[in-house]
Amino acid sequence: MLDQNTTTRVEMDWSGPERLQMNMGPQHPSAHGVFRAIVTLEGETVVAVDAVIGYLHRCHEKLSETLTYAQYPSIASKTDYVAAMTSEFAYVMAAEEIGKFEVPKRAQYLRVIVAELQRIASHLLWLGTWCMDMGGALGGGATIFLYCIRERELILDLFEALVGARLLYGFFQVGGTRYDIPDGWAQKCRETIAVIESRVDEYEQMLEDNAFFLARARGVGVVSRELAQDVGIAGPLLRGSGIDYDLRRNAPYSSYQDFDFTVPTEKDGDCYARYKVRMQEFRQAVAIIRQALDKLPAGPISSRPALKSVAQIRIPKGEAYARVEGPRGEVGSYIISDGSAKPYRMKWRGASFSNLAILPHIIPGHKVADVVAIMGSVDPVFGEVDR
Amino acid sequence: MLIALPPWVPMVISGFVVLNVVIGLVTYITLLERKFAARMQSRIGPYRVGPHGLLQPIADALKLMMKEDIVPTAADRRIYNLAPIVFLIPCMLIFATIPFAPGLGVADLNIGILFFLAVSSMEIVGLFMAGWGSNNKYALLSAMRAVNQIISYDLPFIFSALVPVLLTGSLKLGDIAAVQQGSLFNWFIFYPVIGQLAFITFVVATLAAENRVPFDILEAESELVAGFRVEYSGMKFALIQLGEYAHMIGSSFLGALLFLGAWSGPGPEALGPVWFLLKMIFMFLVVTWIRWSFVRIRVDQILALSWKALLPATLALLVSTAVVVVWRTGGF
């Protein structure tokens, strides 16, 4: 089934007598969706891993050619369903760049607020599932998971009040945002981020004082600086390997230059470093949301006129690539427009897809239990990998 | 006037009673664990079946009985079918030597603790049979891990259980309990330094012997799905589950007996078994508490912990206990 000529195996030098090939996924408790890893074992040690993807392919890029610029943003959220706001963001930014649409300041700030809330929600889900990978659904991992879900619920409530939906939003539109914040939402948002800030401290205490957690996370799945650059990983993984790169600061979009925040980096490149980066990103996201709420300007939320039909917005001929810093790294969308109401061609750059390429480089040599820990620390979302 | 019964009749009756009590205890201790875990995780836990979910274990048992019994085509049928029973028997046998009150037990053997420790490690045979007979790679890996782990943790388990034996000077569980009666400070957990250290190592080794998180590498559902019982369903699965919980309860009884003074407590002597039960539940909840707060550690780390830390520590503890006992009895 797998062509040996096309798959590259990274193997350790080992002369043991017996090998066992074991299939993990696509239906497996820690597959994080539908990932399939065919691991070759020597006893408990993994010597080779074949990563198989494609079980969740839904023809997103082809689909976008059949939907208008007004329709697709709410479908775009289905590529990365854990951070739905991010992919909408990238899509509308590319369309705005071709059409040279002006986005009102208020809309830019609202976009930043929801993008950062989404980052917190996504990282919460990551922390919970990663701990569950290490600690089991019948152990301490499940405890952390449920705590994280409890806090994620608060953010989903905010989104529900804003958009009416909890998972797939359709908040963005070409030229601005579709909704303005309702009365009292800003206050509720401030309360929520205050709760989350204090809970993140609790998680840190619970995990970082725990010798077993440290034993599982430290020194596991080390990605060196060079390897990170060669493979082209992005987001917290890249920053965990000591590369100080964040689109929000390096190529500011949507008024990110107005806010004061730092880009956390760690040097070690192991699971623990990636964990540390994400924990600090919680705090940075909270800081950005606070500033955005403080400075939120009055004004219109969209430069787009009201529509009578979904095919009414047309974008001039041209092409553009827009990228945003999602919770998992750089999410980009490339649109070629032929002047009609639908894109001629559209291409996604999924952060999870690029990040997943690191797995065959770092898994061999680890134990079976580390496979799931490393996979969890990469934080792939298979909707975004397969699209 | 009573008819003189042959001596084996009361033994059989008491054995039957204990067996059924244990099964009842298992069903309800699972509910206790689920409620306890739910509280830790800010949930409610089972609530729908009966008031406060009190009938949940019964519903679960009925469900398991009615489930389809699936035997994988590639399995070794005889070994696969036999394994749950081979696993269950030692887990039940350990209750034979436990005295629940002075003289109230199936058989308070002279070598009671030796019997307990020997039989409780026999469960590995059933475990390995289940893992091998399923003909499943996850189950096989789990069975390999089981053998590794039981061999590594039985020695620390035995060494820490032998500390109270040395302090008492008897292998009979009834004697060990009797020595700790009277005052709270007769409990071996309050024996200066040695008692506390032995209790801690005992709890750690118990966790490993019972395959609880952080040592549940046999089950390890995040990598091995469900480990050795991945192919089991219905009543066979229920038997394995029953055996596992019976083993936990048995070990908790042993811990309560060795370190917490068994049936000693305020009130009339008739309350003894109640105190013993409460202490057992305390031991069980300590294990559960640990289970729901830690992440699992890796197989190589588990083995390193046993051979590099726990085994030397318990051995040193045992030797120092012997020295203390000899010194206190004026042997030098």
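**A note on chains A and B**

1. Chain B is built from 12 helices and has 0 strands. Please keep in mind while reading that this is a predicted model. Read along the sequence, the pattern of chain B is α-α-α-α-α-α-α-α-α-α-α-α. Its radius of gyration is 20 Å, close to the 20 Å that the globule rule gives for 332 residues, so chain B is as compact as a globular protein of that length.

2. The C-alpha trace of chain B spans about 65 × 60 × 45 Å along its principal axes. Of its 332 residues, 45% count as buried. If you take the contacts in chain B between residues at least 6 apart in sequence, 77% of them join residues at least 24 apart.

3. One residue to look at in chain B is B:Gly131, which sits in helix α5 (residues 123-133). Is B:Gly131 buried or exposed? B:Gly131 has 29 other C-beta atoms within 10 Å, and the cut-off for a buried residue is 20 or more, so B:Gly131 is buried.

4. What does B:Gly131 touch, leaving aside its neighbours within four places in sequence? The contacts are B:Ala139, B:Leu140, B:Ser142, B:Ala143, B:Ala146 and B:Phe228. As for B:Leu218, it is 87 residues from B:Gly131 in sequence, and the two C-alpha atoms are 9.9 Å apart in space.

5. Now to the place where the two chains meet. On the chain B side, 25 residues are in contact with 32 residues of chain A. Helices α6 (137-168), α9 (221-224) and α12 (299-328) of chain B each supply at least two residues of the side that touches chain A. By residue class, that side of chain B divides into 11 nonpolar, 5 polar and 9 charged residues.

6. Over in chain A, have a look at a pair of packed helices. Helix α3 (residues 84-99) of chain A packs against helix α4 (residues 105-135) of chain A at an angle of about 140°, and their axes are 8 Å apart.

7. The residues of the contact of α3(A) with α4(A) comprise 4 nonpolar, 2 polar and 1 charged.

Methods: Residues are numbered from 1 along each chain as its sequence is written. Chains are lettered from A and ligands numbered from 1 in the order in which they are written. This is a predicted model: local features need pLDDT of at least 70, side-chain atom pairs count only at pLDDT 80 or more; totals for chains, interfaces and linings use all residues. Two residues are in contact if their C-beta atoms, placed from the backbone, lie within 7 Å. Helices (H or I, at least four residues) and strands (E, at least two) are DSSP runs, numbered from the N terminus. Ala, Val, Leu, Ile, Met, Phe, Trp, Tyr, Cys and Pro count as nonpolar, Asp, Glu, Lys and Arg as charged, and the others, Gly among them, as polar. A residue is buried if 20 or more other C-beta atoms lie within 10 Å of its own, exposed if 12 or fewer, and partly exposed in between; C-beta atoms are placed from the backbone. The radius of gyration is taken over C-alpha atoms; the globule rule is 2.2 Å times the number of residues to the power 0.38. Axes are lines fitted to C-alpha atoms, for helices over the stretch in contact, and angles run from 0 to 180 degrees between N-to-C directions.
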